Amino acid sequence: MNPSSLPGHPFIAYQSGALCVEQVRLSELARTHGTPLFVYSKAAMLSALAAYQRGFAGRKAQICYAMKANSTLGVLQVFAQAGCGFDIVSGGELARVLAAGGDPAKVIFSGVGKTRTEMQQALQAGIGCFNVESAAELDVLNKVAESMGQQACVSLRVNPNVDPKTHPYISTGLKGSKFGVAHEQAVNFYQHAARLRGLKVVGIDCHIGSQITEVTPFLDATDRMLDLVTQIEAAGVPIHHIDFGGGLGINYNGDTPPEADALWAQLLAKLDARGFGDRQLMIEPGRSLVGNSGVCLSEVLFLKPGEQKNFCIIDAAMNDLPRPAMYQAYHHIIPVHPRDGAAEVFDVVGPICESGDWIGRDRALNVQPGDVLAVLSAGAYCMSMSSNYNTRGRAAEVLVDGDQVHLIRERESVLDTFKLEHLPI
Ligand code: LLP
C-alpha cells in the first residue's frame, strides 16, 4: 500500500510525514492517551452517512445505524444528532441508545433471542419496531405486549436464501442459517401475526450478511422480498415498510464495494420498476458507517527474529482487535511516522498467549521498538467485540473533530476488570 494515499480512508492521511486523522497527529494522541488507542474521525462517519442520505434523497427512508458495529456512547451521539435511528440487538444496546440521546421511536430491535425482559424494556421505551425471527418469538412478544396493554409493531425477518459471497461466519441469509423465517413459510407467519391482538404488522425485513462487496446479492434479496410483499398483501396483510438490513462492505485490502448512493440508485430503480417505490424504506448499516473512520494505535514492544518468521510484537492484541483471529480478516498496518530505509517482513502479533493472537501476517515494515503503528479499518467490530482476555484492560477511545480531540472512553484499569468479582473466603 502506498502510504501517502489511503484508499477508502478520506480523513486519514500523511501530512508532512506524520499520519493524521483529520487535523490531529496520531503520534501526539499516542503520547497523550497511551496505546492501544482507538481514534475515530467524526467527519469520516458523517461522510459515510451522507452517501446513504444522498442515495435516499426525496424518499421516505430511515437509516438505523446497526450499533453492534461500534456501540460507544460518543459514537452513538454522532449518529443520533445526525438524525439516525438505531438497529439494536439487546436491552443493553437500547440503554446505550437512550443514554446517548437517541430517539426510541426510531429504534428497531433485531436478533433471534430476545428475552421477555428485553421485550418489556423495549415496549416501555416505545421503540419503533421489533424484527421478529420465529413463530415462538411472535407468540411470546404478543403475550408480553398484551400483558402491558400495548401493541408491539412487528416486521418479520425473512430468509431470502441468497448467497452474499462473504465469510461464512458473517453470512446470514442462506437456508440452514439460524436467522429469519423461511421464504416458503412467510405468508403463513404474516397471517398468524395479523390475528394476534398484541401485535401490529408494519413491515418486512431481511439481512443477508456482512462485508458484502457486490451489488447482485442485494438485488436478488430485494427481488425475493418484493415477491413476498406481493403475496403477503394478496393474503390481506398490508406491509408499510421494507427493511433491507445492513451488510455493505468496506475497503479493507483493495476491496471494491459499491458506494452507498450508487448501490441505492440500483435498488431504488428496482423498487420503482416493480411498483414499490412509494414504500417507507429502512436500512440497518453498521460497518459501512464506521469501519473506515477508525484506526487502532499500538506501540511496537519488541522485534523478534525467528528461524522461519520475524515477529513484530505490539501492545495491541486479539482482545482489542479480534477480527484477524476470528475471521482471518486483513487490516492494513502502517507506521504513524514512516522511517527511511529498507523494510523487513514480519508477522505482527500481540502479547496474548495463543498462536491465534496475530494482527497481520507477512507485512513489510521498517520499524523499531517504541514506534507507533496504526491498524486501519478499526472503527467497526473491534472495540465492540473487545474482551478482557489475559486480564488486559480495554483500550481508550478518542473522537477527532477537525482539530478537536474528545476522549470518549477512558482506558480500563486492571482494577476495573475485576471489580465485580468476590473472593469466596
Ligand atoms: N442488521 C442485522 C440484523 C445484523 O445482524 C447486522 C450485522 C447488521 C444489520 C449490520 O451489518 P453491517 O452493515 O455491519 O455489515 N463481527 C463481524 C460482523 C458481524 C455482523 C453481524 N450482523 C465482523 O467483524 O466482520
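1. Pro36 is found in the loop between α1 (26-33) and β4 (37-41). The peptide bond that joins Thr35 and Pro36 is cis, with omega about -5 degrees. The structure is a predicted model, and the points below should be read with that in mind.

2. Gln211 sits in the loop between β11 (199-205) and α8 (216-234). The phi of Gln211 is near 55 degrees, which is a positive value in a residue other than glycine. As background to these two points, most residues other than glycine have a negative phi, and most peptide bonds are trans.

3. On the overall layout, the protein is divided into two parts: domain 1 (12-41 + 291-417) and domain 2 (110-285). The C-alpha centres of domain 1 and domain 2 lie 36 Å apart. Where the domains meet, 11 residues of domain 1 are in contact with eight residues of domain 2.

4. The size of an interface is often given as the accessible area lost when the parts come together. Between domain 1 and domain 2 the buried area is about 810 Å², and carbon and sulfur atoms give 54% of that area. On the domain 1 side, Asn292, Tyr327 and Tyr330 supply 48% of the area buried against domain 2, more than any other three residues.

5. Which kinds of residue make up the side of domain 1 that touches domain 2? By class, that side of domain 1 has four nonpolar, six polar and one charged residues. Three residue pairs are in polar contact between domain 1 and domain 2, with both residues at pLDDT 80 or more. The count of salt bridges between domain 1 and domain 2 is zero.

6. Side chains of opposite charge can pair when their charged atoms come close. The structure as a whole holds 19 salt bridges. One of them is formed by Lys68 with Asp87, where the closest N and O atoms are 3.6 Å apart. This pair links distant parts of the chain, 19 residues apart: Lys68 is in the loop between β5 and α3 (73-81), and Asp87 is in strand β6 (residues 85-88).

7. Aromatic pairs are the last topic. A search of the whole structure finds six of these pairs. Among them are Phe56 and Trp264, whose ring centres are 4.6 Å apart and whose planes are at 50 degrees, so the pair is tilted. Phe56 lies in the loop between α2 (42-55) and β5 (61-66) and Trp264 in helix α9 (residues 260-273), so the pair ties together parts that are 208 residues apart in sequence.

Conventions:
Residues numbered from 1 in each chain as written. Predicted model: local features only at pLDDT ≥ 70, side-chain atom pairs only at ≥ 80, totals over all residues. Heavy atoms only, no water. Domains from an automatic or database assignment. Contact = heavy atoms within 4.5 Å. Buried area = accessible area lost by both parts, 1.4 Å probe. Salt bridge = Lys/Arg side-chain N within 4 Å of Asp/Glu carboxyl O. Polar contact = N/O pair within 3.5 Å; in protein donor to acceptor, adjacent residues only side chain to side chain. Nonpolar A, V, L, I, M, F, W, Y, C, P; charged D, E, K, R; others polar. Phe/Tyr/Trp six-rings, centres within 6.5 Å; stacked < 30°, edge-to-face > 60°. Helix = DSSP H or I, 4+ residues; strand = E, 2+ residues; numbered from the N terminus.
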